[in-house]
Amino acid sequence: MEKFYWYDVCVNCHQGRLIITEDVTNKRLYLHCEECEYGWLDPSRAGNVGDGFLTLLEEFETQNPSMEVIRKYGWESFARHEFSE
């Protein structure tokens, strides 16, 4: 089973979880909504829809980061919840 870390419920669709996702192409993390495919590069701005972007319109490869990677980027305080699949 793979563990996923997430921050909060999406302010765009109010349904999906904002999952911490690694953009391996650009070497960064972002929050990715599992339902509406919106994303935020800055978790502190994830409460504002206008600061997000539609991830489907971007060209980059992603992967699910481990807690070690999340800590490396300094995002551990945004990993408020977790689930496994």
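Reader: How many helices and strands does the protein chain have?
Author: This is a predicted model, where local features need pLDDT of at least 70, side-chain atom pairs count only at pLDDT 80 or more, and totals for chains, interfaces and linings use all residues. Residues are numbered from 1 along each chain as its sequence is written, and side-chain values use heavy atoms, without hydrogens and water. Helices (H or I, at least four residues) and strands (E, at least two) are DSSP runs, numbered from the N terminus. On that basis the protein chain has one helix and seven strands.

Reader: Which residue in strand 7 is the bridge partner of Lys3?
Author: Strands pair if DSSP finds at least two bridges between them. Strand 1 (residues 3–9) and strand 7 (residues 81–84) run antiparallel, joined by four bridges. In strand 7, Lys3 has as its bridge partner Ser84.

Reader: Which residue in strand 2 is the bridge partner of Trp6?
Author: Strand 1 also pairs with strand 2 (residues 17–23), antiparallel, over two bridges. There, the partner of Trp6 is Ile19.

Reader: What share of the 85 residues is buried?
Author: Buried means under 20% relative accessible area, with a 1.4 Å probe and protein chains only. Of the 85 residues in the protein chain, the buried share is 38%.

Reader: How far apart do the centres of the positive and negative side chains lie?
Author: Lys and Arg count as positive, Asp and Glu as negative; His and the chain ends are not counted. Each charge is placed at NZ of Lys, CZ of Arg, CG of Asp or CD of Glu. The protein chain has 8 positive and 16 negative side chains, and the distance between the two centres is 6 Å.

Terms used: Buried means under 20% relative accessible area, exposed over 50%, partly exposed in between (1.4 Å probe, protein chains only).
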